[in-house]
Amino acid sequence: MKVGDWWYLPERDKLVKLDATGQLLETAELDNLCQNVMNYLMVHAGELVSKDELLEKVWGIRAVSDGRITRVIRVLRVALGDDSRTPTYIETVPKRGYRLVAAIEQVSAEPLISSHAAARPAAQQASPPTNTYAAWRARIYLAGFILLPLLLAGYFWWASNPEHDELAATPLWRYEPVTFLDGIEFYHSISPDEKLLAFSYASSPSDNVVKLKIQNLQNHQVTTLTDAPYSSFGAAWSPDGMQLAYQRTISGRLCEIRLLTLTAGRDQVLADELLTRCGAQSISARLSWSPDGRFLVYPSREEGQGQMALVLYPVQGGQPQILTAPPASGFGDYAARFSRDGSRLAFLRYASGSAELWVLDLSSRSTRMLVRLQDFLPGNIDWSLNDQEIIYPTGRASLGAVDVATGQTRLLAYTDNNARELQISASGRLLASVGAFSQLNIVKVPNEVIRPQAEQSRQIVFSSNRSESFAEASPLQDGPVAVVSRRSGVSQVWLFKADGSQEQLTHFTENERFSDLRFSPDGRNLLALISQQLWILAEGAEPRRIPTKGFDTIANPSWSRDGQHVFFAVARQGQWQMMQADLNASLPVQLFHPERELYLESPNGRYQFWRNSVDHGYFLAVDAEPAIKLELAEPGRLPLRFIITNQGLYFSSYLEDNKYQLYYLDFSNTEIQPATTVDTLYFDQFSLSADGRYFYVPSMAGGDTDIAEISVKQQNL
């Protein structure tokens, strides 16, 4: 079937776009639920389909909120490039339902893509068509013959009914690229006269040097302002547009706030001087310059300080002042923005596993939280043109606003691209860094503790056209590997089996935040920490949630050696405690140990390893002998993730420059050695194969982001 500009391929159950030669140009990446809703609308093309009908026929239930449907329709519109205001695919019939209004043509049943079979997921290639599926295809073909009069009736009905429901009233805003470099353009800042755009640039996500560039928005000429060996971030223009303040770093060793003065033509650097120093452990971040030109605000993490705090620096001289006191969890405060009248600061805080939007009154120094976003981490925010609202990304492809006086939030628009950071110019131009910073793939690397002479190699496994962010190997030989993949459009847990088959364990309708995966010792169950909830996943069984009501922050889940209990840490009044859940009884979650924040048991039960939550020391107990303290956190080594075996302890450690190393602690002599010398590890996550010969680690593939623009001047921002 041809559906508007898309082709529906029954053998793939996908909507695709083709070129004139039949080559695949684009696939509408929809999860199973969204695709099923689209199929139902195609079968009933031109007909009014009520929300109750969709719930009953597609979901199989009716006694739920129809908010589930509006989310799916929104995803379909974004995927198809549709606009709710002038729909070409899905029309909203206010208060009643939806209608597919795209023209549908029946075409030859012969495949139109010469290579599409090879592009199908392995699980789909191995599955023969079912009778149910054939019946759906027949209904779609039949609908093509009776569609035209229904389409005409639907069009005239829509034309005579101008009112729209809430979903239809939400616009779709489209980004138009401003920069076009190959690589990563981010941390953008438009000059006050809107003639120049400053931004940080890296040729790839793994580039150790981030340069500061400016682009002339009239002739598109790009000039590099800084170069190696330092990295430059978060530039902010002075009110007169002749200077740029920025952060210069060498990770873990240097952090400076510097001032670039430009020539009269603003195409060359006249001077680059040091203003002040920030803490060497500071995370790269944005600066903000006050409208009167007197102050800069930047985040800094000083030595011995756990989190980033905002610092107010007087440009003309004087002592910096610390403005905020972030909580003890998370990485703290970042992305501050002066209001347009200079009286307040809006900033983001990452604490207790979620992002928060705060506002600070500069005269009273009082702070107030406005919004908490549980499952999305914005990169930047900005004030509306009248200072009454703060505009911020609310999700992967949506923008929202919060009223500063009342705290009321509203959805502004859906967007045709995902963006985490934004800026609104004085004339109402919204600029954002859009695209993918990177794609994650799982890489298989040798364990050199077991195979000392192994050749260093990196083999990509479980790869699709989307990111794979986690891999957890079964402890059983020839057992499956659990992989978190976005191959269906939304992050799901898949089992990849030794025989090449796959099984999807979860069916989330929205992207969730995956923090940890752990197989049980018998390999039958998978413990997953997803969006601060603990789940037990198993093949052929419904996901089961472990009751953790009352615990806002959960971390470090693990199994008991017999697989009958689950341990996990919770934060209570700034102090971590280990809890225990019994999987085979209806007992409530109980306190396991009040002064531990991590606990692991070896498969044979001989060894217990833990981290103390008071002094953060690491301890190992063997059989009934007294525990010994381990020196894991030496200078330059910060342990992060741990896997315990009957012979030793593997752990990942952060080094510097966004690089990680895997280490091995031998229980027989407590000596530590590198577990692999492959030097391309950029994440703390790793898993060990059942035979111990390989690690599975996520690896970044180069992405591409550009600065893009939405003209929102007419939206009263």
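Visitor: Let's start with two cysteines: are Cys255 and Cys278 buried or exposed?
Guide: Happy to look, bearing in mind that this is a predicted model, where local features need pLDDT of at least 70, side-chain atom pairs count only at pLDDT 80 or more, and totals for chains, interfaces and linings use all residues. Residues are numbered from 1 along each chain as its sequence is written, and side-chain values use heavy atoms, leaving out hydrogens and water. Buried means under 20% relative accessible area, exposed over 50%, and partly exposed in between (1.4 Å probe, protein chains only). On that scale, Cys255 and Cys278 are both buried.

Visitor: What is the handedness of the disulfide between Cys255 and Cys278?
Guide: The structure holds one disulfide, a term for a pair of cysteine sulfur atoms within 2.5 Å. Here Cys255 and Cys278 lie 1.9 Å apart, S to S. The torsion about their S-S bond is about -85°, so the disulfide is left-handed.

Visitor: How many residues apart are the cysteines of this pair?
Guide: Strands (E, at least two residues) and helices (H or I, at least four) are DSSP runs numbered from the N terminus. Cys255 belongs to strand S17 (residues 254-262), whereas Cys278 sits in the loop between strand S18 (269-277) and strand S19 (288-289).

Visitor: How many residues of S17 are buried?
Guide: In a regular strand the side chains alternate between the two faces of the sheet. In S17, Leu254, Glu256, Arg258, Leu260 and Leu262 point one way, while Cys255, Ile257, Leu259 and Thr261 point the other way, all of them buried. The count of buried residues in S17 is nine of nine.

Visitor: Which strands stand at the edges of the open sheet of five strands?
Guide: This sheet has the order S4-S3-S2-S1-S8, with antiparallel pairing. Each edge strand has a single partner, so one of its sides is left without a neighbour in the sheet. The edges are S4 (24-27) and S8 (104-105).

Visitor: Within what arc do the buried residues of H2 fall?
Guide: In helix H2 (residues 51-59), the buried residues are Lys51, Leu54, Leu55 and Trp59. The arc is that of the directions from the helix axis to the C-beta atoms. These residues line one face of H2, because their arc is 100°.

Notes: Two strands pair if DSSP finds at least two bridges between them.
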